[in-house]
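Here is a short tour for anyone who likes to look at the geometry before setting up a calculation. Keep the viewer open and follow along.

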2 protein chains.
Amino acid sequence: MRLLVVEDNALLSQLLAKGLATAGYETDLLATAAEARAALMTTSYAAVILDLGLPDGDGLSILRELRHRKDPTPVLVLTARGGLQDRVNGLRSGADDYLVKPFALEELVARLEAQLRRPGQQLGSSLHIANLEFDLRNRQASIDDQPQVLSSRETAVLELLMRSKGRVVSKKQVEDHIFGLSGDVASNAVEVYVHRLRKQLSDKGAKVRIHTIRGVGYLIAEEKRDPV
Amino acid sequence: MRLLVVEDNALLSQLLAKGLATAGYETDLLATAAEARAALMTTSYAAVILDLGLPDGDGLSILRELRHRKDPTPVLVLTARGGLQDRVNGLRSGADDYLVKPFALEELVARLEAQLRRPGQQLGSSLHIANLEFDLRNRQASIDDQPQVLSSRETAVLELLMRSKGRVVSKKQVEDHIFGLSGDVASNAVEVYVHRLRKQLSDKGAKVRIHTIRGVGYLIAEEKRDPV
DNA sequence: TCGCGAGATTACGCCAGCCTTACAGCGGAA
DNA sequence: TTCCGCTGTAAGGCTGGCGTAATCTCGCGA
């Protein structure tokens, strides 16, 4: 985890770097608003610790710029300005937390970790194939970032296939996944759902194909279209 | 947005409820750890404001239980214990923020909103889908920049759907959001409000659809009209 | 080339879940 | 006081997803 610390007091920033290193974080130290701006344009950090009293500019405006371009990086504001209005302004500008100097390093770390813990940072809970995305958390499929309306059975089939991306899924597995233990399936229900799902996906323009492997099962993969 | 306030001081909790109402939040007030536990098992809130000094138990253990079952609801801890170690413990137990009494209501609201400002919905205090806009600050819906008159329940439903754009919202969530604990909803009220909201939106020309996913919930999305 | 069988496609009836409408109670405004 | 809009309830109608089954298609081996 790499953090950015923007603080012009050299002594304090050294102290921070040391304390954060002990807690298991690497840090980049910067002392001016200009440097911070540049760094935030090009590098992504797990979080930013931002002092407001910088020699060459207002720290708050950095924060506002960051938020203006929809950058969700957690920002913990650090400042000597302890007034209520300062704190409220800081938070309203998009800060995730606000700490008034002097503070205990331990509290800083605790607050930092409270921010890093927040969900939404943690990606990886969604699967992609071409322009098709499946959000495992909400069991929600999207094509080209457009959320799709699928029935619950269709969603179940798609979920299994996506989770097994790159592997073949047997019909029995699909059956178990859909019907669970109550599986009295006296029909070709699985085939029907695969069919319905295929139709949905192609209607909605997903560049994805569900291949049939005879006698084995199904396999989902990116659609390869031969050039004409 | 419905919040849960767990605070045994009746005077303070009344004050909080009033202040939060002014800021546009509905609140459920509870005074004991037992009640809070029960409520958090069955109802989902946008955030929880939790006092630690409860008569019948330790507030921190409620917090830990919540996190133990992976509930990501933002929790803002409120307490008279101002010691560093208390604050660090609170945050380490999974609190998202920590405020020491006495505090200014304004700071509470600012910190609360910093927490509510979560994935997707960055600072931009308004949400858009097609020509429909929802201003989170004043809870005001507009279509083609024309402010719309919606009843408070309709607004509540729309707010939840808009905040959850791209995700399916279950009927239970809508119910919690509208009624909170006060709700002995022995009817299909949610369906009725969704219906009324749909009517409003389509009458006013919003290019937005509220999809029904049977057995799951509702999903708001831009209206796609199939080309012939 | 033919025949077989796995899988694809289509059609259909059922029914839980949802939609729609109507209505009565409530509370604020005039 | 009356009026009127919002609210929650209830009843009944409707429909889309479900599972089944009949039929069609096509890959593959003989």
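Which residue of chain B forms a salt bridge with Asp97(A), and how far apart are the closest N and O atoms? The partner is Arg111(B), and the closest N and O atoms of the pair are 2.5 Å apart. Please keep in mind that this is a predicted model.

**The contact between the chains**

The salt bridge from Asp97(A) to Arg111(B) belongs to a set of 6 salt bridges counted between chain B and chain A. Polar contacts can be counted too: 10 residue pairs, with both residues at pLDDT 80 or more, are in polar contact between chain B and chain A. On the chain B side, at least two residues each come from α4 (84-92), β7 (97-100), α5 (105-116) and β13 (208-213). Of the elements of chain B, α5(B) gives the most to the side that touches chain A, with 7 residues. Sorted by class, the residues on this side of chain B are 15 nonpolar, 7 polar and 13 charged.

Seen as a whole, the contact draws on 36 residues from chain A and 35 residues from chain B. About 3100 Å² of area is buried between the two chains, and carbon and sulfur atoms give 53% of that area.

**The second largest pocket**

Next, a pocket to look at. The second largest pocket has a volume of about 450 Å³. Its lining is made of 15 residues, and those nearest the centre are Pro147(A), Gln148(A), Lys204(A), His211(B) and Lys224(B). Two or more lining residues come from each of β11 (146-147) of chain A and β13 and β14 (217-222) of chain B. Of these, β14(B) gives the most to the lining, with 3 residues. The lining divides by class into 5 nonpolar, 3 polar and 7 charged residues.

**Backbone details**

| Site | Feature | Value |
|---|---|---|
| Lys101(A) to Pro102(A) | cis peptide bond | omega near -5 degrees |
| Lys101(B) to Pro102(B) | cis peptide bond | omega near -5 degrees |
| Asp144(A) | positive phi, not a glycine | phi near 50 degrees |
| Arg139(B) | positive phi, not a glycine | phi about 50 degrees |

Where do these residues sit? Pro102(A) is in the loop that runs between β7 (97-100) and α5 (105-116) of chain A, and Pro102(B) is in the loop between β7 and α5 of chain B. Asp144(A) belongs to the loop between β10 (140-143) and β11 of chain A. Arg139(B), for its part, lies between β9 (132-135) and β10 (140-143) of chain B, again in a loop.

**Phe103(B) and its surroundings**

The loop between β7 and α5 of chain B also holds Phe103(B). Which residues does Phe103(B) touch, if those up to four places away in sequence are not counted? They are Leu16(B), Leu78(B) and Leu108(B). To place Phe103(B) relative to Arg139(B), note that the two are 36 residues apart along the chain and that their C-alpha atoms are separated by 26 Å.

Terms used
Residues numbered from 1 in each chain as written. Chains lettered and ligands numbered in written order. Predicted model: local features only at pLDDT ≥ 70, side-chain atom pairs only at ≥ 80, totals over all residues. Heavy atoms only, no water. Contact = heavy atoms within 4.5 Å. Buried area = accessible area lost by both parts, 1.4 Å probe. Salt bridge = Lys/Arg side-chain N within 4 Å of Asp/Glu carboxyl O. Polar contact = N/O pair within 3.5 Å; in protein donor to acceptor, adjacent residues only side chain to side chain. Helix = DSSP H or I, 4+ residues; strand = E, 2+ residues; numbered from the N terminus. Nonpolar A, V, L, I, M, F, W, Y, C, P; charged D, E, K, R; others polar. 1 Å grid on protein atoms, 1.4 Å probe; cavity = no way out; pocket = protein on both sides within 12 Å on 5 of 7 lines; lining within 4 Å. Points joined across faces, edges and corners; volume = space filled by probe spheres on them.
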